[in-house]
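Please keep the sequence and the model in view while reading the points below.

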Amino acid sequence: MAPGTVTRHDNRGRYELEIDGEVVAFAEFSADGDRITIPYIETARQHRGKGYSSMLMDGVIDDLRASGIQVRATCSVARAHVAANAAELLVR
């Protein structure tokens with residue numbers, strides 16, 4: 001799997017996974033104080049099946065931990081990834 005960079009863009013309400021200068025996956029979010037809601041993640045069609053959604057969510061988790069933010073993941077894929085890898089970050 002190619003190394004990538006996950007960046008949080010507050011002005012766009014998105015986390016983006018960039019590989020070789022291309023955004024290959026993103027997670028939309030809305031912030032509310034010390035919580036964010038992730039309703040949707042998407043991997044570009046030509047990049048599906050390469051594990052990029054997991055790379056994206058790993059980067060999101062790293063950012064949330066560093067920022068002390070919890071997540072309400074209404075996207076089933078995002079929620080499953082956070083539950084499996086950082087359940088303490090989920091809003092109950």
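Predicted model: local features only at pLDDT ≥ 70, side-chain atom pairs only at ≥ 80, totals over all residues.

Valine 6 faces leucine 17, which belongs to strand β2. Valine 6 itself lies in strand β1, and β1 pairs with β2, residues 14-19, in the antiparallel sense over 5 bridges.

**Valine 6 and its surroundings**

- Valine 6 counts as partly exposed, because its relative accessibility is 26%, and the partly exposed class lies between under 20% for buried and over 50% for exposed.
- When neighbours within four places in sequence are left aside, valine 6 is in contact with Tyr15, Glu16, Leu17, Met55, Leu56, Gly59 and Val60.
- Valine 6 and glutamate 18 are 12 residues apart in sequence, and their C-alpha atoms are 6.4 Å apart in space.

**The sheet**

- Strands of a sheet pair through backbone hydrogen bonds, and the pairing may be parallel or antiparallel.
- In this chain, 5 strands form an open sheet in the order β1-β2-β3-β4-β5, and the pairing is mixed.
- The edges of the sheet are β1 (5-9) and β5 (70-73); each has a single partner strand, so one side of each is left without a neighbour in the sheet.
- From one strand to the next, the twist averages 30 degrees.

**The hairpin turns**

- The hairpin of β1 and β2 has 4 residues between its strands, and glycine 13 in its turn has a positive phi of about 65 degrees.
- The hairpin of β3 and β4 has 2 residues between its strands, and glycine 33 in its turn has a positive phi of about 65 degrees.
- Which residue takes a positive phi in the hairpin of β2 and β3? In that hairpin, with 2 residues between the strands, the residue is aspartate 20, with a phi near 50 degrees.
- Aspartate 20 has this positive phi although it is not a glycine.
- Aspartate 20 sits in the loop between β2 and β3, and it is classed as exposed because its relative accessible area is 77%, where exposed means over 50%.

**The helix across the sheet**

- Helix α1, residues 52-67, lies across β1, β2, β3 (22-32), β4 (35-43) and β5.
- The helix α1 runs at about 125 degrees to β2.

**The nonpolar core**

- The largest nonpolar core has 26 residues, of which Ile38 and Val71 touch the most other members.
- Each of β2, β3, β4, α1, β5 and α2 (76-86) supplies at least two residues of this core.
- Which element gives the largest share of this core? The answer is α1, with 7 residues.
- Beyond its neighbours within four places in sequence, isoleucine 38 is in contact with a number of residues, including Ala27, Phe29, Met57, Val60, Val71, Ala73, Cys75 and Ala78.
- The contacts of isoleucine 38 also include Glu28, Arg72 and Thr74.

**The chain as a whole**

- The secondary structure comes to 2 helices and 5 strands, and along the sequence these follow the pattern β-β-β-β-α-β-α.
- The chain is as compact as a globular protein of its length, because its radius of gyration of 12 Å is close to the 12 Å that the globule rule gives for 92 residues.
- Along its principal axes, the C-alpha trace spans about 35 × 30 × 20 Å.
- Of the 92 residues in the chain, 40% are buried.
- Among contacts in the chain with a separation of 6 or more, 42% join residues 24 or more positions apart.

Definitions and conventions. Residues numbered from 1 in each chain as written. Heavy atoms only, no water. Pairing = 2+ DSSP bridges. Axes fitted to C-alpha atoms, helices over the stretch in contact; angles between N-to-C directions. Contact = heavy atoms within 4.5 Å. Rg over C-alpha atoms; globule rule 2.2 N^0.38 Å. Buried < 20%, exposed > 50% of the residue type's maximum accessible area, 1.4 Å probe, protein only. Core = buried A, V, L, I, M, F, W, Y, C linked by side-chain atoms within 4.5 Å.
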